[in-house]
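Trainee: I'm new to this one, so could you walk me through its aromatic rings?
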Amino acid sequence: MMMIQQEENGGGGRNGGLCRTSEAAAPRQMKLSFRAESCAEEAAGGGELFTPPLNFSMVDSGIFRSGFPDSDNFSFLETLHLRSVIYLCPEPYPETNIEFLRSNGIQLFQFGIDGHKEPFVNIPEDKIREALRVATDVKNHPLLIHCKRGKHRTGCLVGCLRKTQRWCLTSVFDEYQRFAAAKARVSDQRFMELFDVSSLKNLPMSFSISKRYKQ
């Protein structure tokens with residue numbers, strides 16, 4: 001794991017739990033535009049426009065997921081008041097993104113997982129476990145999890161998080177497939193099915209909404 005601390009000066013088996021579902025709600029006081037027509041209308045009205053990253057969604061209170069954010073998404077990310085970012089790719093983080101994190105006092109936790117396609121897929125369980133511990137530590141919230149497209153690596157991490165929340169596999173796979181769509185991988189789902197959460201003790205099943213935003 002690589003962790004960058006931004007200084008203020010700028011310097012095993014099937015899980016038998018209950019089936020659960022969740023709905024992601026967009027944070028308040030923001031206008032989201034996804035079509036060119038609505039963008040033009042909002043711009044004409046003088047409203048500020050925010051563009052979420054690809055595949056953006058809320059996972060739980062204080063935890064979000066997405067594809068790789070670029071500079072067009074920075075204004076939107078500022079509305080989330082992030083404390084941390086979990087980055088699941090092995091490539092170096094772009095300098096533009098590093099500067100955005102630094103200027104907003106956001107920590108970067110990097111867990112480099114190769115994005116190989118099937119059948120040559122090797123998901124490192126140790127890195128998923130480390131990332132889970134970061135993601136479930138409320139001191140790091142609000143937090144954004146992302147990889148390149150927000151589908152496979154992010155989907156696996158979120159799926160393993162759902163197992164700690166006692167979601168049944170049907171619900172875990174349904175959520176994974178909503179983001180992966182036609183790109184869903186059997187190997188990813190097999191990894192989530194076999195992922196043993198028994199050693200991950202004392203993890204919260206949900207997170208208090210009062211801890212989402214920095215004071």
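Trainee: Which residues form one aromatic cluster?
Mentor: Phe56, Phe64 and Phe76 form one, where rings of Phe, Tyr and Trp (its six-membered ring) pair if their centres lie within 6.5 Å, and planes under 30 degrees apart count as stacked, over 60 as edge-to-face and the rest as tilted. Keep in mind that this is a predicted model, in which local features need pLDDT of at least 70 and side-chain atom pairs count only at pLDDT 80 or more, while totals for chains, interfaces and linings use all residues. Residues are numbered from 1 along each chain as its sequence is written, and side-chain values use heavy atoms, with hydrogens and water left out.
Trainee: How many aromatic pairs does the rule give?
Mentor: The count by that rule is 7 aromatic pairs. One of them joins Phe68 and Tyr87 edge-to-face, at 5.5 Å centre to centre and with 85 degrees between the planes.
Trainee: What does that pair tie together?
Mentor: Phe68 lies in the loop between strand 3 (63-66) and helix 2 (74-78), and Tyr87 in strand 4 (residues 84-87), so the pair ties together parts 19 residues apart in sequence; helices (H or I, at least four residues) and strands (E, at least two) are DSSP runs, numbered from the N terminus.
Trainee: Is Tyr87 buried or exposed?
Mentor: Tyr87 counts as buried at 2% relative accessibility, since buried means under 20% relative accessible area, exposed over 50% and partly exposed in between (1.4 Å probe, protein chains only). Phe68, at 25%, counts as partly exposed.
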